[in-house]
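User: I'd like to go through this one with you, a few questions at a time. Ready when you are.

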Amino acid sequence: MLRQAQDSNVLGNIRLRLFGLTIVLLLLSLATISYYALRQFERDLVPEMDRKALTIGESLAAEVAKAVDYGIPFRALRGMDEFLGATLKSNGEIKYLAVTDETGKVVFHNGVDLGPIADYFINAPALGGLSGSARSTLVGDFYDTTVPIATSAGTVGLLHVGIDKKFVQNRLKDIVYDVLIVLLVSLLVTFELLLFLIVFNIAGPIEAVNKLMTRAENGDFRRYLGYRSNDEVGRFITTFNETIHLINDLYQGILGRVERYREAKGDELRAARRRMVACLRQLHDRFVFADATKPEIFREKSLVDVRTPMFIFVF
């Protein structure tokens with residue numbers, strides 16, 4: 001019992017060290033990959049939102065410019081609140097849409113209260129908004145995309161698309177949660193795969209050999225281990241199996257000699273036969289051998305045999 005406990009502790013230490021080393025390396029690699037992935041998401045997300053705001057702004061500005069080209073006075077456009085509100089409703093990240101004239105004064109607006117953002121609108125024409133191309137600027141808590149409203153008669157004003165800065169931050173948080181979920185699933189899959197590999201290739205065969213050696217130590221040579229591999233564990237098991245087969249072959253050879261002595265005649269032969277039969281009785285009292293065919297394969301049941309298929313089924 002003491003020896004079995006010591007062997008179990010050795011196997012437990014092997015598993016613990018392998019698991020610990022693998023998990024540490026996996027955590028370091030996944031943490032590094034996750035960090036650079038988040039940095040890349042952060043770099044790509046803001047330009048992507050700018051492109052979306054620009055596309056929406058250009059589309060709205062083109063509709064306003066078309067109405068002005070049809071002869072409707074710019075300040076007399078009707079239904080602008082509903083027109084801008086429909087776009088806000090279908091794009092939750094956009095918090096305001098505003099149309100300003102050449103001086104930067106707000107003519108039409110829908111969305112959150114502009115507050116100090118209106119002061120920026122006053123300066124937007126002076127910053128080249130009327131004559132320049134569309135641009136995006138961080139104004140307070142919003143990314144403001146400015147698009148000129150260009151008609152056939154010239155630029156009559158600017159259209160402002162405001163995206164909440166917190167929306168970008170919330171999207172990054174969602175990405176962080178996704179990365180953490182992927183990290184957790186990767187750890188679970190790696191843990192189960194590592195457990196299967198360790199038990200199947202290292203701990204399982206070593207534990208099975210340990211039990212067979214205990215059987216052999218107690219005189220039972222009826223089993224051998226059906227495990228083949230080219231690594232150190234496999235070569236050791238092959239040598240152990242060859243020893244089991246050799247012992248059984250020698251025993252079968254002894255039985256063959258006994259049978260030949262049984263058929264022989266003469267006092268000396270009968271005396272030798274009696275001595276050999278006595279020796280065989282002593283062997284049978286101390287050891288157990290395989291039958292005349294060959295030793296049977298030792299099959300060790302393990303929880304991994306059920307756990308791994310169940311894990312695959314769940315995923």
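Analyst: One term before we start: a residue is exposed when its relative accessible area is over 50%, and buried when that value is under 20%. Also, keep in mind that this is a predicted model.

User: Which residues of helix α2 are exposed on its other side?

Analyst: Start with the buried set in α2, which spans residues 80–90: M80, L84, T87 and L88. These four lie on the same side of α2, because the arc they cover around the axis is only 100 degrees. Go to the other side of α2 and the exposed residues there are E82, K89 and S90.

User: Is H160 buried or exposed?

Analyst: H160 sits in strand β5, which runs over residues 154–164. The cut-off for buried is under 20% relative accessible area. H160 comes in at 0% relative accessibility, so the label is buried.

User: Which side chain does the side chain of H160 join in a polar contact of 3.4 Å?

Analyst: A polar contact needs a pair of N or O atoms within 3.5 Å. The side chain of H160 has such a contact at 3.4 Å, and the partner is the side chain of T146.

User: Zooming out, what share of the chain's contacts with a separation of 6 or more comes from residues 24 or more positions apart?

Analyst: The chain is built with seven helices and nine strands. Of its 315 residues, 33% are buried. For contacts with a separation of 6 or more, residues 24 or more positions apart account for 61%.

Technical notes. Residues numbered from 1 in each chain as written. Predicted model: local features only at pLDDT ≥ 70, side-chain atom pairs only at ≥ 80, totals over all residues. Heavy atoms only, no water. Helix = DSSP H or I, 4+ residues; strand = E, 2+ residues; numbered from the N terminus. Buried < 20%, exposed > 50% of the residue type's maximum accessible area, 1.4 Å probe, protein only. Polar contact = N/O pair within 3.5 Å; in protein donor to acceptor, adjacent residues only side chain to side chain. Contact = heavy atoms within 4.5 Å. Arc of directions from axis to C-beta.
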